[in-house]
Amino acid sequence: MDKFTTLTGVAAPLPIINIDTDMIIPKQYLKTIKRTGLGTALFSEMRYNEDGAENPDFVLNKSGYRNASIIVAGDNFGCGSSREHAPWALLDFGIRCVISTSFADIFYNNCFKNGILPLVVSPEQLKLLLDDAERGSNATLTVDLEAQTIRGPDGGELHFDIDPSRKQILLEGLDDIAGTLKSDPSITTFENKMAADRPWL
């Protein structure tokens, strides 16, 4: 998993409340177990018309936002079913950070497992960030995970809170397996002691 330290990129405004995982990646794309190739299907029901042509009104189809790496979204992002394909699709498109006032728990946890930073901010902070994100290709934000700050295009800075253990996971680029392997010496010591103390097990 790629490390997340500092991200500078275009932020796309998506001020929709209750964006669920079916909106992020519709059910017909869930047949694959690969983490790649889903970026073209991200938000497909909003990005494309019935004939398959791009919907020019959808934010990620607009010239200033095609290469967005940050989404500034409405409340309760990632609600609905627990599909891990949702963060896979976001990551495959190039999204490394989603900012909202709240996230569904399972989606929130899945983001950390896939190298995406889900940032919880206050409603007042979200309003400021949405204003910044409305600037098109000039809507550049810098997210500094180590310093826990978001810097806007005018140099204004916001602070965010994050659980220290989750922060460390992203800074080191650790998935669940890699995180467990960090404790391998302790696990091995425990197993050897158990084998010596209780050889019948």
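I was looking at a predicted model, in which local features need pLDDT of at least 70, side-chain atom pairs count only at pLDDT 80 or more, and totals for chains, interfaces and linings use all residues. Residues are numbered from 1 along each chain as its sequence is written, and side-chain values use heavy atoms, with hydrogens and water left out.

I first checked Gln148, and with 13% relative accessibility it is buried. I found it in the loop between strand E5 (140-144) and strand E6 (149-151). My helices (H or I, at least four residues) and strands (E, at least two) are DSSP runs, numbered from the N terminus. Gln148 has a positive phi of about 60 degrees, although it is not a glycine. I noted that most residues other than glycine have a negative phi. Asn76 also has a positive phi of about 60 degrees without being a glycine. Asn76 sits in the loop between strand E2 (70-73) and helix H3 (85-93), and it is partly exposed at 25%.

**Entry: helix H6**

Which residues of helix H6 are buried? I found Lys167, Leu170 and Leu171 buried in this helix, which covers residues 164-172. Seen down the axis, the buried residues fall within an arc of 100 degrees (taken from the directions from the helix axis to the C-beta atoms), so they line one face of H6. Their cover includes helix H4 (105-113) and strand E4 (117-120); contact here means heavy atoms within 4.5 Å. After H6 comes Gly173, with a positive phi near 70 degrees.

Asn55 is buried, at 18% relative accessibility. Leaving out residues up to four places away in sequence, Asn55 touches Met46, Arg47, Tyr48, Asn49 and Asn61. Its side chain also reaches the backbone nitrogen of Asp57 at 2.9 Å. I count a polar contact as a pair of N or O atoms within 3.5 Å; within protein, one must be able to donate a hydrogen and the other to accept it, and residues adjacent in sequence count only if both atoms are side-chain atoms.

His85 lies in helix H3 and is buried at 12%. A polar atom of the His85 side chain lies 2.7 Å from the backbone oxygen of Thr32.

**Entry: salt bridges**

How many salt bridges does a search of the whole structure find? I got 6, each being a side-chain nitrogen of Lys or Arg within 4 Å of a carboxyl oxygen of Asp or Glu. Asp22 pairs with Arg83, the closest N and O atoms being 3.0 Å apart. Asp22 is in helix H1 (residues 21-24) and Arg83 in the loop between E2 and H3, so the pair ties together parts 61 residues apart in sequence.

Asp132, Arg135 and Asp154 are linked in a network of salt bridges. I noted 3.8 Å between the closest N and O atoms of Asp132 and Arg135, and 2.6 Å for Asp154 and Arg135. Asp132 is buried at 15%, Arg135 is partly exposed at 36%, and Asp154 is exposed at 61%.

Notes:
Buried < 20%, exposed > 50% of the residue type's maximum accessible area, 1.4 Å probe, protein only.
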